[in-house]
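Subject: Structure handover and findings

Dear colleague,

Please find the structure below, followed by an account of what was found in it. I would be grateful if you could read the two side by side.

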Amino acid sequence: MTGQSAVNHSQALRRVLVANRGEIAVRVITTCRRLGIETVLTASDADAYSLPARLADQVIRIGPASATASYLNVDAVVGAAVAAGADAIHPGYGFLSENARLARACAAAGIVFIGPDARTLEAAGDKLAARAHATAAGLPVLPGGDIELAGGDIEHSDPRVIALAERIGYPVLVKAAGGGGGRGLRVVREPAELGHAVSVASAEAAAAFGDPRVYLERYVERGRHVEVQLLGDGQRVIHLGDRDCSVQRRYQKLIEEAPAPDLGSDLRERLRAAAVALGVHLGYRGAGTVEFLLDTARGEFCFLEVNARIQVEHPVTEAITGMDIVAEQLSIAEGRPLRLRQEDVTFAGHAIECRIIAEDPDRDFRPSPGTITRAVFPAATMYPGYGLVRGAADAAAGIGGSVRVDTHVQARSAVPAYYDSLLAKVIAHGGDRDGALAVLSGALDRCALDGVTTNVAMQRAIVADPEFRAGGVTTDYLARYLAGREDGGAGRG
Amino acid sequence: MAEPGVADISLVDVSLRDGNQSLWGATGLRTAHIATIAPALGRAGFRALDFSSSTAMGVSVRTHREDPWALLRLVRAAIPDTLLQFIGTGFRFISWERAHPEVIALVYAALVRNGMDRFVVLDPTHDMDAARATAAIAKKAGAREVIGALTYTISAVHDDAFYAGIAAAYASCDDVDRAYIKDPAGILTAERARTLIPSIQAALRGKPLELHSHASLGLSPLTCLAAADLGVTALHVGCGALGNGTSLPQAEDLVANLRASGHAVDVDDRLLALVSRYFDRLAAAEGLPKGEHRGFDAAFMDHQLAGGVMSTTRRQLAELGLADRFGELMAEIARVRAELGYPIMVTPFPQMVIGQALANLLSEHAVGGARYDNVPDQVIRYVLGTFGKPTAPVEPWVLDRVLGRPRAAELADEPDPLDVAALRSRFGMRISDEELLLRFGMPAAEVDAMIAAGPAVTHYNPDTVPVLRLLRALGERPTARELTVRKPGFRLSLKDGGQ
């Protein structure tokens with residue numbers, strides 16, 4: 001810059017390394033391209049010819065297909081960023097996205113980590129620490145406790161652990177302290193199962209997160225999973241509204257929507273305020289999500305966890321706010337204050353997302369890797385970062401509707417067996433929930449994927465199911481729906 | 001991009017405002033075109049972007065039915081780091097009528113609030129009291145940078161000492177941060193620059209100087225190189241299709257030439273290329289002309305018309321069925337300009353001079369008609385001194401012909417312009433300042449139509465334009481049953497398989 005420059009361009013990111021794969025890598029690259037930021041993608045051997053690898057300005061192979069040898073290798077990722085001269089690393093979701101060691105390694109290498117600082121990642125990533133912070137911020141938490149703090153031994157059935165479970169009340173959930181995503185989770189309905197469940201969950205957690213610690217929490221059979229999207233700059237925290245992610249199978253979300261249906265304005269405001277309070281308490285910097293378990297009948301909610309990264313389901317929030325959350329992450333990473341005040345965030349219409357996954361619902365959702373031979377998706381009519389586009393504005397006025405598809409697959413794409421089998425997210429926006437459902441069902445009808453088995457037909461059936469259409473289903477909905485289908489509901493799927 | 005502190009030249013990009021105005025009649029770029037490329041423009045390392053003007057805001061409403069204030073906000077959000085320039089032309093807003101100082105203060109406050117932070121102070125008659133007043137209003141409104149214009153022209157009175165005098169006035173004005181030589185007709189030669197620039201720099205006493213020289217005669221790419229050697233730190237350029245021709249020099253070429261002559265330029269080459277190709281693709285998709293290298297044309301030295309004015313004039317002549325009289329009109333323009341005391345050919349004066357020249361041309365061809373039989377109101381206002389004192393005296397016989405008309409007496413008695421309270425009571429108490437100012441500057445029907453059109457589309461992809469156009473055309477021909485696209489090595493045939 002010349003000495004006379006009135007503004008400082010030097011904080012602007014010019015080259016970002018995308019340390020991820022699949023649709024989220026495409027998503028991050030798309031926003032970087034729109035903003036004029038160069039992208040470098042780290043790709044495993046299995047992803048060398050993937051769509052994100054073809055979209056990125058530069059690709060660095062960081063290892064063999066196995067995630068532990070590539071996408072989870074902190075040193076390889078940071079080494080690639082240094083070699084490529086990247087200013088920053090965007091970790092996407094999953095893999096190293098909430099890894100405090102990566103955040104520290106970035107800082108040591110003079111590279112910006114696009115996410116919260118290491119301290120916040122530790123506070124949020126450690127579920128026990130997050131529970132403590134939530135309590136300190138005044139949020140209600142589920143009855144539960146730390147097995148080690150209770151003096152228990154996680155290897156064997158221990159009277160002190162059994163006593164802790166008794167205090168919480170059965171059924172209890174054994175949860176990994178070190179990570180989420182459904183791994184290291186076990187439901188325990190009676191004391192006799194407890195010792196075994198703790199051992200198995202701990203072993204699973206150690207394998208998935210390198211951290212064997214588990215804890216106990218009350219298991220709520222029927223609740224709604226509602227979460228609040230936050231943005232913070234370290235000084236100020238705002239929310240971008242709520243999402244409902246109650247359609248889950250074994251803690252894996254399948255359908256998400258925004259706003260959460262039928263909350264009532266008082267409950268909705270309390271949820272949002274609680275999330276913001278936790279963000280403020282953490283001095284949160286970046287995009288993050290606070291998850292809650294909601295008892296709608298009682299109008300009560302409990303803190304579940306903080307996801308200190310972008311979420312898979314972020315597009316539904318983008319659809320109703322007209323925002324580009326990845327662009328906001330980049331802006332915050334450039335050291336800028338939040339560009340919006342809370343009152344600048346407006347909500348229009350309703351959006352629903354269906355995850356299209358390469359798995360076989362008829363064979364216990366077994367993953368279905370292979371090669372896609374045909375991939376047809378509906379044409380996109382909304383894009384992140386272009387505000388509430390005409391389509392969305394029309395939809396808000398009760399006309400039309402908009403579709404967005406986030407995907408990394410095309411005809412002849414490989415679906416490797418090594419990774420999560422998410423193929424695409426189909427997002428529909430309408431003036432209201434019924435409008436969004438109509439747009440979504442039309443959009444799903446246009447999806448045609450051959451070569452691998454997918455859950456598209458099941459998603460179509462769920463979207464047509466009267467209980468789902470009524471809105472506000474609880475987290476046990478999908479299991480009941482699937483059981484009903486097996487019980488002779490042929491034709492339902 | 002050069003290492004921090006190393007570059008000696010920075011660039012000011014004019015594509016969005018002056019480029020669009022000079023080459024595409026100010027109507028080429030819509031919100032979607034601008035919003036799509038804004039983030040990359042903001043990251044390319046330009047010192048400032050010449051972004052908007054009262055004319056551009058009027059075009060947004062009138063031609064595109066888009067809210068110009070919303071566009072300012074959208075672009076400011078997308079471009080947090082680069083100065084966004086608004087070019088003001090004295091005490092008016094959108095319409096040609098003189099506005100109350102309070103209204104002008106409201107205009108600047110609204111511009112700052114909506115994201116503009118660099119303001120050009122430009123008084124076409126070089127009336128320094130007016131320039132100082134505008135600079136003070138801009139600074140009071142919160143402008144980060146005010147840049148004073150030295151509008152270049154060739155005449156008996158505009159010598160180096162004249163410009164040094166203006167520069168000295170800017171140097172002594174605390175509300176003016178820097179100055180620039182504004183050469184709208186592109187008639188500043190490198191030779192003249194070598195005497196003019198040092199005179200101005202000496203008078204500016206350390207305030208930086210920029211150069212804005214249109215490429216209309218092919219002179220400015222060389223003049224810019226001379227200016228860089230003379231210590232001018234910021235040069236104004238256009239990107240891709242919006243550079244060269246009657247716009248400013250094309251950025252990529254100029255950067256290469258500057259580097260070849262030993263200068264370090266503060267710009268990100270990758271993004272400069274990206275932005276330039278975007279405007280190229282947009283021009284191709286929308287059928288808009290690309291700025292081309294222009295040859296020297298001595299006639300320009302007389303009429304001194306800026307590129308945008310030139311293209312508008314050709315169009316007007318054609319509409320009157322007088323396309324063959326272009327040469328005659330150019331000669332008449334030069335004559336009228338001399339008779340009116342050499343007004344510098346920047347807004348609003350070219351419109352005024354051309355209006356009079358056209359009136360004279362039509363009168364002379366009428367039976368028994370004579371020049372100055374018809375005089376537009378703007379010319380009467382100019383002679384009355386409404387726009388400030390003419391640089392040189394108006395020819396006495398012309399003065400008599402103009403002021404001897406009954407209309408001159410009417411205009412001399414024109415009521416004072418309305419203040420903000422009067423505008424509020426006329427247009428409504430509850431509307432925003434932004435809407436109030438649009439309603440002040442434009443007919444109500446135009447503003448109503450803009451509001452009725454709803455929010456502007458913000459996404460644009462030039463590559464899809466031809467396909468969408470084809471599909472739209474097919475939609476208008478429901479009887480078409482077959483479509484074939486043929487090009488070398490490619491054939492696509494679609495047939496209606498329906499019943």
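Where in chain A is the place of P259(A)? P259(A) sits in the loop between strand 12 and helix 9 (265-282) of chain A; helices (H or I, at least four residues) and strands (E, at least two) are DSSP runs, numbered from the N terminus.

The model is a predicted one, in which local features need pLDDT of at least 70 and side-chain atom pairs count only at pLDDT 80 or more, while totals for chains, interfaces and linings use all residues. Residues are numbered from 1 along each chain as its sequence is written, chains are lettered from A and ligands numbered from 1 in the order in which they are written, and side-chain values use heavy atoms, with hydrogens and water left out.

Backbone geometry

Most residues other than glycine have a negative phi, and most peptide bonds are trans. The bond that joins A258(A) and P259(A) is cis, with omega about -5 degrees. A cis peptide bond also runs from Y170(A) to P171(A), where omega is near -5 degrees. P171(A) belongs to the loop between helix 7 (159-168) and strand 7 of chain A.

In chain B, A26(B) is a residue other than glycine with a positive phi, near 70 degrees. A26(B) is found in the loop between helix 1 (15-24) and helix 2 (31-43) of chain B. With 9% relative accessibility, A26(B) counts as buried (under 20% relative accessible area; exposed is over 50% and partly exposed in between, with a 1.4 Å probe and protein chains only). R205(B) likewise has a positive phi, near 50 degrees, and lies in the loop between helix 8 (190-204) and strand 7 (209-213) of chain B. R205(B) is exposed, its relative accessible area being 59%.

The sheet in chain A

Strands of a sheet pair through backbone hydrogen bonds, either parallel or antiparallel. In chain A, 4 strands in the order 6-9-7-8 make up an open sheet with antiparallel pairing (two strands pair if DSSP finds at least two bridges between them). Strand 6 (144-146) and strand 8 (186-188) of chain A are the edge strands, each pairing on one side only. On average, neighbouring strands of this sheet are turned by 25 degrees against each other, direction ignored.

Strand 7 (residues 172-176) and strand 8 of chain A run antiparallel and are joined by 3 bridges. V172(A) has V188(A), in strand 8 of chain A, as its bridge partner. Helix 6 (residues 127-136) of chain A packs on the sheet and touches strand 6, strand 7 and strand 9 (214-218) of chain A; contact means heavy atoms within 4.5 Å. The direction of helix 6 makes about 45 degrees with that of strand 9 of chain A; axes are lines fitted to C-alpha atoms, for helices over the stretch in contact, and angles run from 0 to 180 degrees between N-to-C directions. Helix 8 (residues 191-209) of chain A also packs on the sheet, touching strand 7, strand 8 and strand 9 of chain A, and its direction makes about 170 degrees with that of strand 8 of chain A.

Helix packing in chain B

Helix 5 (residues 101-113) and helix 19 (residues 420-427) of chain B pack at an angle of about 75 degrees, with their axes 8 Å apart. The two helices of chain B are therefore roughly perpendicular to each other (65 to 115 degrees; under 35 is roughly parallel, over 145 roughly antiparallel and the rest oblique). From helix 5 of chain B, E102(B), V103(B) and L106(B) meet V420(B), A421(B) and L423(B) of helix 19 of chain B. The contact residues divide into 5 nonpolar, no polar and 1 charged (Ala, Val, Leu, Ile, Met, Phe, Trp, Tyr, Cys and Pro count as nonpolar, Asp, Glu, Lys and Arg as charged, and the others, Gly among them, as polar).

Salt bridges

Over all chains, a search of the whole structure finds 82 salt bridges (a side-chain nitrogen of Lys or Arg within 4 Å of a carboxyl oxygen of Asp or Glu). One of them joins the side chains of R433(A) and E257(A), at 2.6 Å from N to O. This pair links distant parts of the chain, 176 residues apart: R433(A) is in helix 13 (residues 433-445) and E257(A) in strand 12 (residues 252-258) of chain A. R433(A) is buried at 11% relative accessibility, and E257(A) is buried at 4%.

Yours sincerely
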